[in-house]
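Let's take a look at the spaces and the chain-to-chain contact in this one. Have the viewer open and follow along.

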Amino acid sequence: MRRKPGELRPIEMDILEAGMRLLVGGAAEFHGFLIAKEMAKGRELKRLTAQGTLYRALNRLERDGLLESRWEDAGEAAKARRPLRRLYRITAGGVRAVESQRATKARHANPSMGPSARGATP
Amino acid sequence: MSHAIYRAAELIVRAWVKLYLVGVPREARGQRRAEIASDLYEYRLNVQEQGISPAAAGLYLLLRCTAGALDDLLWRSELGGALGGLSMLYRSAARAALATAFILLLPFLAMQLHLGVPDPGGVTEQVAWTPFDFAFAGVLLFGAGLTYQLIAKKMGSVAYQAAVGVAVAAALLLVWVNGAVGIIGSEDNSANLMYGGVLAVGIIGTLIARFRPHGMARVLFATAFVQALVAVIALIATQTDPSFWGEAIRTQQPSPVLQLLGVNGMFIALFLGSAWLFRTAARGGGLPLVQGRRVDPRAG
């Protein structure tokens with residue numbers, strides 16, 4: 001099922017917001033488990049998102065152009081003696097989608113902030 | 001991490017990933033497998049860093065996998081275009097359901113037409129299945145059919161497919177015969193629970209062997225060995241304590257010993273036959289999940 005244009009599902013919003021927090025913290029790219037950990041920080045029970053749910057949502061976000069991914073250099077992974085990581089990065093479209101969703105939420109929370117409400121203000 | 005529960009949890013997760021990736025195009029399959037391998041590695045590292053108990057971490061890993069299982073299947077179905085319309089999983093499930101319905105139709109019709117089946121004593125008995133019988137048979141047949149469709153038909157040579165078919169059919173028969181009439185005495189004889197060990201060896205061994213034909217051949221040899229062991233225990237117990245066989249020992253025709261040898265011999269032959277077919281498949285090679293063929297996740 002595809003989302004309505006401009007609308008993000010809660011899991012997608014969680015991923016993008018966690019990705020933006022990591023970006024602010026200096027990590028421009030993230031792998032699946034890192035984003036799951038970052039998302040868990042914002043939750044009361046610190047639960048990690050289920051693997052199936054997480055990777056399905058990451059695939060969807062990439063397909064819709066809100067994320068892009070690359071596989072890390074094999075030499076780097078071999079040096080660290082760990083499996084290859086798939087590294088995701090939020091695109092400009094992803095940042096816009098988060099900002100637009102935040103603005104929509106803010107309007108719902110405070111209707112006086114909406115454009116029609118502003119227009120009606122004397 | 002060497003804890004048995006943690007290791008078993010990782011094995012189950014990897015087996016689940018392999019199962020739902022059967023039939024998925026190579027590139028998507030390789031990428032998902034590599035991503036889960038990375039996730040499992042990072043999780044293990046995280047557990048060690050935080051000093052979490054391995055048993056608790058293993059159970060949490062299983063929970064995390066189970067909670068996302070539906071999304072795994074939905075992700076698979078979203079690849080519909082690449083899989084050519086309906087996903088293979090759904091098509092396999094539909095085929096297994098159709099075959100199950102067709103087979104269950106036979107006893108249902110027999111009941112409607114009041115048909116009978118001759119039993120070994122020569123007395124014709126009418127078919128009289130309860131709803132529980134239909135449900136039990138339905139779950140068994142559908143499970144066996146889906147297992148065969150997912151593992152064998154999409155995964156390799158004719159020998160490998162035949163090996164899976166024989167093993168699944170033998171396991172299905174073992175459960176059915178034990179549930180319906182019991183191999184040792186009657187179906188109420190608790191000694192028949194020993195055959196649960198035969199199935200356990202097969203299932204746990206399959207998870208450890210990860211469907212690789214070399215490993216599967218060993219698993220099926222072990223399964224045949226356990227089947228023989230159960231028969232030997234039953235024979236010795238029947239000789240030393242006739243009540244072991246249950247009430248039926250005096251009236252049973254053919255004799256308990258002949259029955260034990262015949263029925264167990266048939267299952268041993270089936271498991272050994274399957275083991276031989278797996279060995280043949282291993283020698284032939286060329287299986288997608290066999291010999292650990294590496295798929296470059298970045299390919300394509």
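Start with how residues get sorted: Ala, Val, Leu, Ile, Met, Phe, Trp, Tyr, Cys and Pro count as nonpolar, Asp, Glu, Lys and Arg as charged, and the others, Gly among them, as polar. By that scheme, the lining of the largest cavity has 2 nonpolar, 3 polar and 3 charged residues.

Before going further: this is a predicted model, where local features need pLDDT of at least 70 and side-chain atom pairs count only at pLDDT 80 or more, while totals for chains, interfaces and linings use all residues. Residues are numbered from 1 along each chain as its sequence is written, chains are lettered from A and ligands numbered from 1 in the order in which they are written, and side-chain values use heavy atoms, with hydrogens and water left out.

**The enclosed spaces**

A cavity here is a set of points on a 1 Å grid over the protein atoms alone where a 1.4 Å probe fits but cannot get out; lining residues have an atom within 4 Å of a point. Grid points are joined across faces, edges and corners, and a volume is the space filled by probe spheres set on the points. There are 2 cavities of 30 Å³ or more in the structure.

| Cavity | Volume | Element giving the most to the lining |
|---|---|---|
| Largest cavity | about 40 Å³ | H2(B), 3 residues |
| Second largest cavity | about 30 Å³ | H1(B), 3 residues |

Helices (H or I, at least four residues) and strands (E, at least two) are DSSP runs, numbered from the N terminus. Around the largest cavity you'll find A:His31, A:Gly32, A:Phe33, A:Tyr55 and A:Arg86, along with B:Glu35, B:Ser38 and B:Asp39. The second largest cavity has A:Gln51 in its lining, together with B:Trp16, B:Val17, B:Tyr20, B:Ile36, B:Cys65 and B:Asp72. That lining splits into 5 nonpolar, 1 polar and 1 charged.

**Where the chains meet**

Counting contact as heavy atoms within 4.5 Å, chain A puts in 26 residues and chain B 27 residues. The buried area (accessible area, 1.4 Å probe, that two parts lose on being put together, summed over both) is about 2400 Å² between chain A and chain B, with carbon and sulfur atoms giving 52% of it. On the chain A side, A:Gln51, A:Arg56 and A:Trp71 lose the most area to chain B, together 31% of what that side buries. A:Gln51 is also one of the residues lining the second largest cavity.

A salt bridge needs a side-chain nitrogen of Lys or Arg within 4 Å of a carboxyl oxygen of Asp or Glu, and there are 4 salt bridges between the chains. In one salt bridge, the side chains of A:Arg86 and B:Glu35 meet at 3.4 Å, N to O.

Which elements give two or more residues to the side of chain A that touches chain B? They are helix H2 (32-41), helix H3 (51-63), helix H4 (74-80) and strand S2 (86-90) of chain A. H3(A) has the largest share of that side, 7 residues. By class, the side of chain A that touches chain B has 12 nonpolar, 6 polar and 8 charged residues.

**The open pocket**

A pocket is an open set of grid points with protein on both sides within 12 Å along at least five of seven lines. The largest pocket holds about 850 Å³ of space. Its lining has 31 residues, with B:Thr147, B:Ile151, B:Val168, B:Ile203 and B:Thr206 nearest the centre. H7(B) gives the most to that lining, with 7 residues.
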